[in-house]
Amino acid sequence: MTGTLTIAGLGPGHEAMVTPEVSAALASATDILGYAPYVSRVPPRPGLRLHPSDNREELQRASDALRLAADGGQVVVVSSGDPGVFAMASAVFEALEQAPQYQALPIRVLPGVTAMLAAAAQAGAPLGHDFCAINLSDNLKPWAVIEKRLRLAAEADFAIAMYNPRSASRPDGFGRALAVLKEAGCGGRLVIFARAISSPEERIETVTVDEARDEMADMRTLVIVGNSQTRRVGRWVYAPRRVE
Ligand SMILES: C[S@@+](CC[C@H](N)C(=O)[O-])C[C@H]1O[C@@H](n2cnc3c(N)ncnc32)[C@H](O)[C@@H]1O
């Protein structure tokens, strides 16, 4: 086995947020696999094979990547943001568990700037105190688990970053998440809607949970719910470092 498999994060969108380590891996790759919109962010060049695929095909993509690397390719699987945050790194390790013959392959995971951190930086410092991240997609976990985690995160007064808040196939989940927060007494907390961060369509809007509406979120939005102390200063939103 002379090939390698690299699982790399492309950051939230802007080229300047791709790390030099990831750029170097892309420059020496023979094969790039990933969800089509992410693969399209890698410029084509002679000798580079691009393998775009659909977004529900993570496990198949991961198996294909392992096979290509075992055949000698310098294979890079790309994710947006960070590959370990609701992305391809876990899918590759799931595939590896099912295919022990590939366990000797050299595998690297290269971090990227995850959407939550890029969004927080644009808003100010809403993750400056304790926080958690929750994926609102119920494709791979029951909705009851999401509700329980939201309720407990609200009770523990974490700031909460929400990935995958709302899609065409899941139009109601985000509204239900808002209802859970209101029931938990968080209606007055600030909530940041950070859309298409680091792209030309970037938009940031901050309201309270009570003022938030379902349609303020889509699949290009990262939502950050502040903790009970999160406040505004000028145009910024931040969580103070001290909690009494
Ligand atoms: C499948 S998850 C992938 C997360 C990615 N691995 C990361 O670390 O950012 C996709 C979700 O990430 C968030 N997201 C990704 N890029 C974003 C961006 N540029 N602006 C806002 N949210 C983004 C959205 O919530 C989107 O629905």
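Three strands make up an open sheet of mixed pairing, in the order E6-E13-E12. Strands here are DSSP runs (E, at least two residues) numbered from the N terminus, and two of them pair if DSSP finds at least two bridges between them. Strand E6 (124-125) and strand E12 (231-233) are the edges; each has a single partner strand, so one side of each has no neighbour in the sheet. E6 pairs with strand E13 (residues 236-238) in the parallel sense over two bridges, and Ala-125 stands opposite Tyr-238 in E13.

The model is predicted: local features need pLDDT of at least 70, side-chain atom pairs count only at pLDDT 80 or more, and totals for chains, interfaces and linings use all residues. Residues are numbered from 1 along each chain as its sequence is written, and side-chain values use heavy atoms, with hydrogens and water left out.

The ligand is surrounded by 19 residues, counted if a heavy atom lies within 4 Å of the ligand. Among the closest are Asp-82 and Thr-221. The shell divides into twelve nonpolar, five polar and two charged residues. Polar contacts (pairs of N or O atoms within 3.5 Å) are listed below.

| Protein atom | Ligand atom | Distance |
|---|---|---|
| Val-85, polar backbone atom | nitrogen | 2.8 Å |
| Thr-114, polar side-chain atom | oxygen | 2.6 Å |
| Met-219, polar backbone atom | oxygen | 2.7 Å |

Of the 560 Å² of accessible area that the ligand has on its own, the protein covers 89% (Shrake-Rupley method, 1.4 Å probe).

Key
Helix = DSSP H or I, 4+ residues; strand = E, 2+ residues; numbered from the N terminus. Polar contact = N/O pair within 3.5 Å; in protein donor to acceptor, adjacent residues only side chain to side chain. Nonpolar A, V, L, I, M, F, W, Y, C, P; charged D, E, K, R; others polar.
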